[in-house]
Amino acid sequence: PRVEPNTVAQSRSMVEQSQGRLFVLFLDVNHVDWADSRSAARPLIDFLNRVIGADDLVGVMTPEMSGADVTFARRMESIEGILSRYGWGERNNSLPADPNLRLYQECYPGFDRKRGPRSDDRGIADEMMKRYKERESLNALESLTRSLRDAREGRKAVITVSNGWLLYRPDSSLARPLGDQDQIPSVGIDRGGTGARVGTTAQRGLSPMDDCERDRQRLAQLDDALHFHDITDLANRANVSFYPVDPRALAVLDTNVGDPRTGAPAPGKPIVLPPAVDQAMLRARVGTLQDLAFSTDGLAVGK
């Protein structure tokens, strides 16, 4: 009987010695919503069962992981369990699990319970959260590519389940001065160093608001378009091909102002985008998936 690895070190040793192909299923939790992650489970399982052979090795990664943490194995039971039993998508979740994102919502609520809308920080929390999530996903893809480069020679395939990315550029409006910040309450949330993973802040400030302001300024300076280009260059040197899968298939809208699990709107009054802007965002996301596949000799597919 075949012995499957129990540790990362054992799986890496098997990767070096195996003659089978190497696959990684990258679940972009940040850019797939809960409903689509559920509906795409069975098609993904059927696809993997058809493509992955008896001697092939496969691992699973999400954005909060490092590429060095991916464990490879021949069996598919664990992957089927992840895909079929749980809705893993978090894109439109109005109550994010990440404490960094919850802190942004507290620091920049966009409204005041006593005085109504706050025009100075309207939309800031949403923009910061989107930039944070995109940088976290891109950092994870870069980490995975570097890890696969060092794993062994030969072609490696990354099946990337995602809606795509907007590739944010520096935005001075996000870094604009804000007034009345002394009215924002302090909140005691343990951030656990997560910010350092997306290039925000590694050392925390004297108060939660200090942390938020530091993150806001750094997130405003992101250039994810350049980062994306660097990832594709690295993938070509590492012999890694990306096969993006958009679980939405033929999407009509890019944005969703409600929680897909409950149908409830996000806290505060959501910002509804004009149809032309929403369509441009949808095209941009699909374009990034196509570019990722084309640039690395892969193939972009829908559900």
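## Close-up views of the structure

**Tyr104 counts as buried because its relative accessibility is 0%.** Here, buried means under 20% relative accessible area, exposed means over 50%, and partly exposed is in between (1.4 Å probe, protein chains only). This is a predicted model, so to speak of local features we need pLDDT of at least 70, side-chain atom pairs count only at pLDDT 80 or more, and totals for chains, interfaces and linings use all residues. Residues are numbered from 1 along each chain as its sequence is written, and side-chain values use heavy atoms, with hydrogens and water left out.

**Two aromatic pairs turn up in the structure.** To pair, rings of Phe, Tyr and Trp (its six-membered ring) must have centres within 6.5 Å; planes under 30 degrees apart are stacked, over 60 edge-to-face, and the rest tilted. Tyr104 and Tyr132 make an edge-to-face pair, with 6.0 Å centre to centre and 80° between the planes. This pair links distant parts of the chain, since Tyr104 sits in helix H5 (residues 99-107) and Tyr132 in helix H6, 28 residues apart. Helices (H or I, at least four residues) and strands (E, at least two) are DSSP runs, numbered from the N terminus. Tyr132 is buried too, because its relative accessible area is 0%. The other pair, Trp165 with Phe228, is tilted: 6.2 Å centre to centre and 50° between the planes. Trp165 is in the loop between strand S5 (156-161) and helix H7 (194-197), and Phe228 is in helix H9 (residues 224-238), so this pair ties together parts that are 63 residues apart in sequence. Both Trp165 and Phe228 are buried.

**Helix H5 has a cap at its N-terminal end.** The cap is Asp98, which puts a side-chain oxygen 2.8 Å from the backbone nitrogen of Asn100. That counts as a polar contact: a pair of N or O atoms within 3.5 Å where, within protein, one must be able to donate a hydrogen and the other to accept it, and residues adjacent in sequence count only if both atoms are side-chain atoms. Which residues of H5 are buried? They are Pro99, Asn100, Leu101, Leu103, Tyr104 and Cys107.

**Helix H6 is largely enclosed by the rest of the structure, because 20 of its 28 residues are buried.** Its end C-alpha atoms are 40 Å apart, which agrees with the 40 Å that 28 residues should span at 1.5 Å a residue. The expected span of a helix is 1.5 Å times one less than its number of residues.

Thr145 lies in H6 (residues 124-151) and counts as buried because its relative accessibility is 1%. Its side chain reaches back to the backbone oxygen of Leu141 at 2.8 Å. Contact means heavy atoms within 4.5 Å. Apart from neighbours within four places in sequence, Thr145 is in contact with Ile231, Leu234, Ala235, Ala238, Val240 and Phe242. Ala235 belongs to H9 and is buried, with a relative accessible area of 0%. Not counting residues up to four places away in sequence, Ala235 touches Thr145, Val240, Phe242 and Thr296.

**The largest nonpolar core holds 23 residues.** A nonpolar core is a set of buried Ala, Val, Leu, Ile, Met, Phe, Trp, Tyr and Cys residues joined through side-chain atoms within 4.5 Å. Leu144, Leu148, Val158 and Trp165 have the most contacts inside this core. Strand S1 (22-27), S2, H6, H9, strand S6 (240-246) and helix H10 (275-295) are the elements that give two or more residues to this core, and H6 gives the most, with five. A second, separate core has 21 residues, among them Val32, Ala41, Ile79 and Leu83.

**Ten salt bridges come out of a search of the whole structure.** A salt bridge is a side-chain nitrogen of Lys or Arg within 4 Å of a carboxyl oxygen of Asp or Glu. One of them joins Arg149 and Asp150 (3.1 Å, N to O); Arg149 is partly exposed, at 35% relative accessible area, while Asp150 counts as exposed at 56% relative accessibility. Another joins Arg248 and Asp246 (3.4 Å, N to O). Arg248 counts as buried at 13% relative accessibility, and Asp246 counts as buried at 7%.
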